[in-house]
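This briefing goes through a structural model by topic, starting with packing and moving on to the sheet, the helices and the charged pairs. Please have the sequence and the coordinates open while reading.

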Amino acid sequence: MNEARSDAAPAGGATATRTAASILLVDDHPENLLALEAILEPLGHHLVRAGSGQEALRQVLQHDFAVILLDVQMPDTDGLETARLIKQRTRSEHVPIIFLTALNEDRRRATLGYESGAVDYLFKPFDPDVLRAKVSAFMELDRMREALAEHQGRRFADLAVRESEERFRLVQKATNDVIWDWDLVSDEIRWNELASTIFRTAPSNTPASARWWTERIHPDDRERVVAGLDAVIDGDLG
């Protein structure tokens, strides 16, 4: 059996850097893979070849795919078994699979295909425009899903920050202790009103830098305090 290339490089010899989810093409005949690439290349998506079911399984372990075009009739691990195995893996369980077959008698196996996790079943020779339209629809769904996930991630992050800041404000109001907070990333220090009163400094409406704070340590203690802070930051407390 002649296998098509199985690397993750895009069709046409482009680099393997992927900016969006890819399309996996699975067929044990290289000429069929070439035909699929020719049909889908105008869409401008990243195309990945696999010349067998086992090769397809290796690809879904290493890469993310928006849709998989899977030949039914393959030696060793056929399309139905490959689809079942793909759906068993967390990384690929939600990836839509379109079955492709040249055998008219496989129509009787369509039900098995859907049970294996397929979302569609196309029979060769298929209309290139129809195939492009179906693939484009799944690519758009993947793009929308990624955009929604990114939006929700930012939203949850913003909510977490706001909740953290609100808890800090409540603690400041409820305690009789000096409270100060040093953000190591932004190098900003904030403190509560009691700290302002005790240390006779203005309220921290505008955050100060760590340098501002260390300059207000007594000269006799400054070196020791700064060294202790550095040890805590570096994790060197021994």
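Which residues does leucine 24 touch, not counting those up to four places away in sequence? In this predicted model, leucine 24 touches Val48, Arg49, Ala50, Ala56, Gln59, Val60, Phe65, Val67, Ile68 and Leu69.

**Nonpolar cores**

- Leu24 belongs to the largest nonpolar core, which has 20 residues, and together with Val26, Phe65, Ile68, Leu70 and Phe99 it is among those that touch the most other members.
- Two or more residues of this core come from each of the strands E1 (22-26), E2 (47-50), E3 (65-71), E4 (97-101) and E5 (118-123), and likewise from helices H2 (53-62) and H3 (79-88).
- Apart from this core lies another, of 19 residues, which includes Ile23, Ala66, Ile98 and Phe126.

**The sheet**

- Five strands make up an open sheet with parallel pairing, and their order across it is E2-E1-E3-E4-E5.
- Strands E2 and E5 stand at the edges with a single partner strand each, so one side of each has no neighbour in the sheet.
- On average, and with direction ignored, neighbouring strands of this sheet are turned by 20° against each other.
- The parallel strands E4 and E5 are joined by five bridges, and alanine 118 in E5 is the bridge partner of isoleucine 97.

**Helices against the sheet**

- Helix H2 lies across E1, E2 and E3, and its direction runs at about 140° to E2.
- Helix H3 also packs on the sheet, where it touches E3 and E4 and makes an angle of about 170° with the direction of E4.

- In helix H1 (residues 30-40), the buried residues are Leu33, Leu36, Glu37, Ile39 and Leu40.
- Seen down the axis of H1, these buried residues fall within an arc of 160°, so they line one face of the helix.
- Glutamate 37, one of these buried residues, forms a salt bridge with arginine 49, with an N to O distance of 2.6 Å.
- This pair links distant parts of the chain, since arginine 49 is in strand E2 and glutamate 37 is in helix H1, 12 residues apart; both residues are buried.

**Salt bridges within helices**

- Glutamate 81 counts as partly exposed because its relative accessibility is 30%, and arginine 84 is partly exposed at 37%.
- Arginine 132 counts as partly exposed, with 21% relative accessibility.

**Two further positions**

- Aspartate 76, in the loop between E3 and H3, has a phi near 60°, a positive value in a residue other than glycine.
- Most residues other than glycine have a negative phi.
- Aspartate 76 is exposed, with a relative accessible area of 81%.

Conventions
Residues are numbered from 1 along each chain as its sequence is written. This is a predicted model: local features need pLDDT of at least 70, side-chain atom pairs count only at pLDDT 80 or more; totals for chains, interfaces and linings use all residues. Side-chain values use heavy atoms; hydrogens and water are left out. Buried means under 20% relative accessible area, exposed over 50%, partly exposed in between (1.4 Å probe, protein chains only). Helices (H or I, at least four residues) and strands (E, at least two) are DSSP runs, numbered from the N terminus. The arc is that of the directions from the helix axis to the C-beta atoms. A nonpolar core is a set of buried Ala, Val, Leu, Ile, Met, Phe, Trp, Tyr and Cys residues joined through side-chain atoms within 4.5 Å. Contact means heavy atoms within 4.5 Å. A salt bridge is a side-chain nitrogen of Lys or Arg within 4 Å of a carboxyl oxygen of Asp or Glu. Two strands pair if DSSP finds at least two bridges between them. Axes are lines fitted to C-alpha atoms, for helices over the stretch in contact, and angles run from 0 to 180 degrees between N-to-C directions.
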